[in-house]
Amino acid sequence: MGEAQLSYEQARAELASVVERLEAGGGTLEESLALWERGEQLADVCQRWLDGARERLDAARAARDAG
């Protein structure tokens with residue numbers, strides 16, 4: 001599934017799994033780097049979702065206050 005298709009919840013769950021695997025250690029440096037990179041991608045997906053939610057809340061508040 002592409003990053004753009006991930007829901008916030010899916011991205012957050014996968015990110016938690018990546019963090020768990022990194023904290024557990026035991027992998028090679030290359031595996032750890034790949035996990036880190038995936039974690040960064042997932043964190044970006046989560047941040048985009050959160051930014052979008054904030055924009056929607058701000059717009060709803062502005063519409064409420066204007067009306």
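The side chains of arginine 38 and glutamate 14 come together in a salt bridge, with N and O 2.8 Å apart; the term covers a side-chain nitrogen of Lys or Arg within 4 Å of a carboxyl oxygen of Asp or Glu. This pair ties together distant parts of the chain, since arginine 38 sits in helix H2 and glutamate 14 in helix H1, 24 residues apart. Glutamate 14 is partly exposed, at a relative accessible area of 29%. On this scale buried means under 20% relative accessible area, exposed means over 50%, and partly exposed is what lies in between (1.4 Å probe, protein chains only). The structure holds two salt bridges. In the other entry, aspartate 65 pairs with arginine 64, and the closest N and O atoms are 3.2 Å apart. Aspartate 65 counts as exposed at 57% relative accessibility, and arginine 64 is exposed at 57% too.

A word on the basis of these values. The model is predicted, so local features need pLDDT of at least 70 and side-chain atom pairs count only at pLDDT 80 or more, while totals for chains, interfaces and linings use all residues. Residues are numbered from 1 along each chain as its sequence is written, and side-chain values use heavy atoms, with hydrogens and water left out.

As for the fold, the secondary structure of the protein chain amounts to two helices and zero strands. Both kinds of element are DSSP runs numbered from the N terminus, with helices (H or I) needing at least four residues and strands (E) at least two. H2 runs for 38 residues and spans 55 Å from its first C-alpha to its last, close to the 56 Å expected at 1.5 Å a residue; that expected span is 1.5 Å times one less than the number of residues.

The overall outline follows. The C-alpha atoms fill a box of roughly 60 × 20 × 15 Å along the principal axes. The radius of gyration is 16 Å, whereas a compact globule of 67 residues would have one near 11 Å; the radius is taken over C-alpha atoms, and the globule rule is 2.2 Å times the number of residues to the power 0.38. Buried residues make up 12% of the 67 residues in the chain.

What is buried? The largest nonpolar core has seven residues in all: Leu6, Ala11, Val18, Leu35, Leu42, Val45 and Cys46. Such a core is a set of buried Ala, Val, Leu, Ile, Met, Phe, Trp, Tyr and Cys residues joined through side-chain atoms within 4.5 Å. H1 and H2 are the elements that give two or more residues to this core, and H2 supplies the largest share, four residues. The buried residues of H2 are Leu35, Gly39, Leu42, Val45 and Cys46, and H1 is included in what covers them. Among contacts (heavy atoms within 4.5 Å) between residues at least 6 apart in sequence, 69% join residues at least 24 apart.

Threonine 28 is partly exposed, with a relative accessible area of 43%. Threonine 28 and tyrosine 8 are 20 residues apart in sequence, and their C-alpha atoms are 29 Å apart in space. Glutamate 30 lies in helix H2 and counts as exposed at 58% relative accessibility.
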